[in-house]
Amino acid sequence: MTSYDLKLLDCTLRDGGYVNNWEWGFRRARDIIRTLTKARVDMVEVGFLRNVEGYHPDITVCNRIEELNELLPETYGETMFSAMAMNGNYDIGKLSPYNGKGIELIRITAHEHDIREGLAFAGKVMEKGYKLSINPINIMGYSDEELIWILKQVNQIHPYQFSIVDTFGSMKRRDLDRIVSLSDHNLDRDIRLSLHLHENMSLSCCLAQNFIDRHLGRPVAVDGSLMGMGRIPGNLPVELIADYLNEYMDKSYDIDYLMDGIQDYIAPLKGETEWGYTPAYFLSARFNLHRNYAEYYLKKGDLTNRDINHILSRFDQGKTAVFDAEYADMMYEGYKNNRIEDTEDRLKLRELLGGRDILVLAPGNSIVSYEKKIKNYIDQTDVVVISVNFIPENFPVDYAFFSNRKRLERLDQIPCKTIITSNLKGENADYIIDYNSVSGSFGEGCNSFIMLLKLLKEIRAGKIIAAGTDGYTVEGKNYYNNHIRNYTEHGNKFNMAVADTIHNLDVQVAFLTPSAYDKIRSYP
């Protein structure tokens with residue numbers, strides 16, 4: 001099947017914002033955008049242009065397009081960025097002319113009662129040099145004659161895109177066929193026809209596939225959001241339609257990054273406000289497997305959605321119909337077992353760090369509340385600073401240790417030497433340590449702090465001091481910024497296991513900041 005001019009638009013930060021009042025946080029919003037660009041999503045909508053009081057960097061609703069542009073990454077490949085504005089709640093005079101950078105597509109909406117004013121509003125957007133998408137609210141509310149009238153006006157404006165928006169999620173297949181046919185026959189051929197669906201009747205993915213499979217002789221687009229995030233019951237899940245496009249339309253969206261985005265930023269929010277489906281079932285359905293496999297791997301605690309995706313892709317078809325825990329464990333161990341010869345790198349690290357006192361920095365909240373104490377310690381001692389699965393902004397770091405791919409890939413720049421474990425296959429680093437040589441000590445899965453302690457012991461480092469090792473919580477809200485989250489339903493059990501493992505390794509750790517690993521011990 002050959003591809004045609006079809007684009008995928010993600011509207012998580014804009015439409016998904018109805019769930020959290022658009023309070024994403026500046027860093028988290030930037031990371032979501034960067035993740036979507038790495039997934040090669042064609043268009044990413046970063047927020048609303050709206051008349052609001054002042055500018056708040058943590059909210060993706062802004063007066064000025066320059067404010068939304070602050071969220072964009074420095075590099076983003078072929079991705080186009082968009083914003084949405086509604087006639088009646090945005091003063092178009094605030095919109096600066098397009099200068100060739102940043103957001104280049106403006107999607108405008110208007111209600112049935114002010115559609116004429118909305119079309120005039122749309123024309124002013126084009127006059128400022130932006131690509132324009134016209135998105136009439138509730139297209140199901142228009143008669144055929146009214147829709148044809150709108151399409152004639154759209155042709156006169158001649159925007160980049162016209163969107164079929166099923167605002168109330170009431171569209172069925174025959175409705176889609178009727179509206180697409182009317183639009184396709186009456187809209188100028190070079191205007192892109194887009195589709196935006198809601199999940200009220202659990203039809204969004206089927207309708208989107210039907211729309212795509214028509215192979216209209218024009219450019220088209222489909223909207224969606226990560227995990228279908230949006231005002232209950234949500235939107236078309238962008239990862240589901242991306243997977244369909246990869247399989248049947250020769251697209252190359254990176255599902256791994258979409259899975260990362262869900263696990264890091266969207267799934268934790270869904271725990272607070274429910275909507276839509278669950279990615280675990282998508283992963284198992286994608287390979288036609290018993291759904292218990294995906295759930296089983298999620299409970300491991302040390303696998304990302306990306307990891308689960310890769311493990312399930314390797315399953316023997318004879319093991320798909322009935323859940324087999326023994327087979328699942330074998331596949332799990334095989335995935336993690338990426339052995340390498342690391343003798344040379346270990347010797348180099350022993351020469352550099354042997355006998356040296358080490359300050360291990362983990363990303364717990366305490367590195368913020370005890371920042372002055374940590375800085376004083378670094379200034380007043382001859383200590384080597386090694387961070388674990390992150391690089392702090394406020395502290396000098398000599399080395400960064402990574403065993404978690406998604407934490408490493410999130411970084412734009414790495415200002416220090418890196419030590420990674422061999423499970424991060426394909427990543428560049430200064431030193432690579434065999435994963436299996438440092439894993440396996442922690443009975444509850446894999447813990448990067450424990451892995452680093454084991455390595456430091458083996459290369460004969462000196463005294464080990466730890467800061468930011470706050471411990472696990474059920475909510476995962478004990479990290480110094482919200483874009484780093486690691487939570488488990490067995491928080492206290494994990495803390496006890498880490499404390500026990502430190503004891504069993506016979507490693508002496510002095511905790512510079514409060515740590516659950518120092519306070520909770522199940523041994524005498």
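Which residues are exposed on the other side of α15? The legend to Figure 1 gives the answer, and all the figures show a predicted model.

**Figure 1. Two sides of helix α15.** The buried residues of α15 are D345, R346, L349 and L353. These residues lie on the same side of α15, because they cover an arc of only 100° around the axis. E344 and E351 are the exposed residues on the other side of α15. After α15 comes G355, which has a positive phi, near 80°.

**Figure 2. The salt bridge between R14 and E45.** The side chains of R14 and E45 form a salt bridge, with a distance of 2.7 Å from N to O. R14 belongs to helix α1 (residues 12-15) and E45 to strand β2 (residues 43-49), so the pair links distant parts of the chain, 31 residues apart. R14 counts as buried because its relative accessibility is 5%, and buried means under 20%. E45 is buried as well, at a relative accessible area of 0%. Both residues also belong to a network of salt bridges that links R14, D15, E45, R107 and D223. In total, the structure holds 20 salt bridges.

**Figure 3. The salt bridge between R178 and D144.** In this pair, the closest N and O atoms of R178 and D144 are 2.6 Å apart. R178 is partly exposed, with a relative accessible area of 30%. D144 also counts as partly exposed, at 30% relative accessibility. Side chains of opposite charge can pair when their charged atoms come close.

**Figure 4. The salt bridge between R356 and D382.** R356 and D382 form a salt bridge in which the closest N and O atoms are 3.2 Å apart. The pair links distant parts of the chain, 26 residues apart. R356 sits in the loop between α15 (343-353) and β10 (357-361), and D382 sits in the loop between α17 (371-380) and β11 (383-388). R356 counts as partly exposed, at 29% relative accessibility. D382 counts as exposed because its relative accessibility is 60%, and exposed means over 50%.

Figure 5. L187 is found in the loop between α7 and β8 (192-196). Is L187 buried or exposed? At 3% relative accessibility, L187 counts as buried. Leaving aside neighbours within four places in sequence, L187 is in contact with L151, V154, N155, F162, L193 and R218. The C-alpha atoms of L187 and Q153 are separated by 9.7 Å, and these two residues are 34 residues apart along the chain.

**Figure 6. Helices α10 and α13.** Two packed helices are described by the angle between their axes and the distance between the axes. The axes of α10 (residues 255-270) and α13 (residues 305-313) come within 7 Å and cross at roughly 140°. The two helices, α10 and α13, are therefore oblique to each other. On α10, the contact is made by I255, D256, Y257, M259, D260, I262 and Q263. On α13, it is made by N305, R306, N309 and H310. The residues of this contact divide into four nonpolar, four polar and three charged.

Conventions: Residues are numbered from 1 along each chain as its sequence is written. This is a predicted model: local features need pLDDT of at least 70, side-chain atom pairs count only at pLDDT 80 or more; totals for chains, interfaces and linings use all residues. Side-chain values use heavy atoms; hydrogens and water are left out. A salt bridge is a side-chain nitrogen of Lys or Arg within 4 Å of a carboxyl oxygen of Asp or Glu. Helices (H or I, at least four residues) and strands (E, at least two) are DSSP runs, numbered from the N terminus. Buried means under 20% relative accessible area, exposed over 50%, partly exposed in between (1.4 Å probe, protein chains only). The arc is that of the directions from the helix axis to the C-beta atoms. Contact means heavy atoms within 4.5 Å. Axes are lines fitted to C-alpha atoms, for helices over the stretch in contact, and angles run from 0 to 180 degrees between N-to-C directions. Angles under 35 degrees count as roughly parallel, over 145 as roughly antiparallel, 65 to 115 as roughly perpendicular and the rest as oblique. Ala, Val, Leu, Ile, Met, Phe, Trp, Tyr, Cys and Pro count as nonpolar, Asp, Glu, Lys and Arg as charged, and the others, Gly among them, as polar.
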